[in-house]
Amino acid sequence: MPAELAALVAERVRRQGPLPFDAVVDLALYHPVHGFYGRGRGAGRRSDFLTSPEVGPLFGTVLARAIDSWWAELGRPDPFVVVEAGAGAGALASAVLAAGPVCGPALRYLLVERSEQLRRRTPPRLRLEPPANVLGPPDESEGDRPAGSGEGPLVASLAELPVGPFDGVVLANELLDNLPFRLLQRSGHVWVGSGPQKRDQNVGEGRWDEVRVGEDLTEVLVPAGPDLAVDADRWAPDAPVGGRIPVQPEAAAWVRAALRCLRRGRVVVIDYADTTPNLARRPWSEWVRTYRAHGRGGPPLANLGDQDVTCEVAVDQLGGVRRPDRDRSQAQFLSAHGLDTLVEEGRRIWQERAAIGDLAALAARSRVTEAAALTDPAGLGAFRVVEWELG
Ligand SMILES: C[S@@+](CC[C@H](N)C(=O)[O-])C[C@H]1O[C@@H](n2cnc3c(N)ncnc32)[C@H](O)[C@@H]1O
């Protein structure tokens, strides 16, 4: 597979010149035939890496409690729409619905997943409905049955965010780190002249270069366009010479679109994140990472389509869309939504039933080990949960 994508990049570079990083990442991840997600790879024990919902059902059980509390805060609307963006093959949706949230009868759960291969793997137990039945208003000319109140949970799958506005929640776990990004480098030189005469002159102070990708999949530095340079100066004015930053307009656009879906409710983003000034001071190989087959992959421009390429989310850039109302660690978020009670219950059941060793005992023990993984301060527990509230 990598050979096809490398050839595609080379062909585009010959036509358009060195490609921005986001264009290459988009091909590497989402090309419908050769892209990593396009081919249906991704999260899961039998796939490439574990995300919180793939650790086990506990994450979804806590999310179901959170969803119930958000529903109650809105005055128990019916319908109550939960959009899960970047839903993969539906692990989180399955766990949330299996937990039996109290809002169930009002719930319309929409899985949004860009990869057709992954959408096709949504488990049959989720019993997908045609989106029009779930979202309404029904198109009566086609004889669709209107979704009445109290008939939930109704579940549908979409390739893109739905058109709102609705009362509910737009949720994304580990989506934004997978959205293509531009890559910039603070340089100690300015570009002088133009065309073939163009040369760089060291002035010992910072300007911005854009890291682009050449025909042979190597980096090519070009002077950043004026808009990009303004963005970079906005996010990391004090970046050291040689420091790199991601510029993430696609992640910001996603937050804007998610907020637009809602009349009342909240957008919840869960991901590994930092701020742009911090990223500028860290080696970029630390915050652009690749994964495959439950291990780290190669450099980001190697093995295109055969490894995940992710970038830590610059939360300050998301805040440029609208200031978040909350930003806390995943460990704090899970604890605030009942994790500790669930773990205590798990411990108690395990103690009572360990000697019997039945499924209930094993599930209870698993809850305790899952909680440790989900709150690990050196791992998933350090993820940020960023929330924007509306209405
Ligand atoms: C790292 S996976 C996370 C999957 C799942 N949320 C989880 O936590 O296991 C990111 C997913 O987002 C999907 N994705 C990427 N861009 C998307 C977009 N614009 N809309 C919907 N899904 C997208 C990818 O195809 C991939 O399945």
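Predicted model: local features only at pLDDT ≥ 70, side-chain atom pairs only at ≥ 80, totals over all residues.
Trainee: How many residues surround the ligand, and how do they divide into nonpolar, polar and charged?

Mentor: The ligand is surrounded by 17 residues, the closest being Thr51, Gly86, Glu113, Asn173 and Asn178. By class, the shell divides into nine nonpolar, five polar and three charged residues.

Trainee: Which residue has a backbone N or O atom 2.6 Å from a nitrogen atom of the ligand?

Mentor: Thr51 places a polar side-chain atom 2.6 Å from a ligand atom, but that atom is an oxygen. Asn173 has a side-chain N or O atom 2.8 Å from an oxygen atom of the ligand. The backbone atom 2.6 Å from a ligand nitrogen belongs to Gly86.

Trainee: How much of the accessible area of the ligand does the protein cover?

Mentor: The space that the ligand takes is the largest pocket. On its own, the ligand has 600 Å² of accessible area, and the protein covers 92% of that.

Trainee: Is Arg41 buried or exposed?

Mentor: Arg41 lies in a loop, between helix H2 (21-30) and helix H3 (52-55). Its relative accessible area is 17%. Because buried means under 20%, Arg41 with its 17% counts as buried.

Trainee: Which side chain makes a polar contact with the side chain of Arg41?

Mentor: Arg41 is a buried residue in the loop between helix H2 and helix H3. The contact joins two side chains at 2.7 Å, and the partner of Arg41 is Asp48.

Methods
Residues numbered from 1 in each chain as written. Heavy atoms only, no water. Near = heavy atom within 4 Å. Polar contact = N/O pair within 3.5 Å; in protein donor to acceptor, adjacent residues only side chain to side chain. Areas by Shrake-Rupley, 256 points an atom, 1.4 Å probe, with all protein chains shown as cover. 1 Å grid on protein atoms, 1.4 Å probe; cavity = no way out; pocket = protein on both sides within 12 Å on 5 of 7 lines; lining within 4 Å. Sits in = over half its atoms within 2 Å of the grid points. Nonpolar A, V, L, I, M, F, W, Y, C, P; charged D, E, K, R; others polar. Helix = DSSP H or I, 4+ residues; strand = E, 2+ residues; numbered from the N terminus. Buried < 20%, exposed > 50% of the residue type's maximum accessible area, 1.4 Å probe, protein only.
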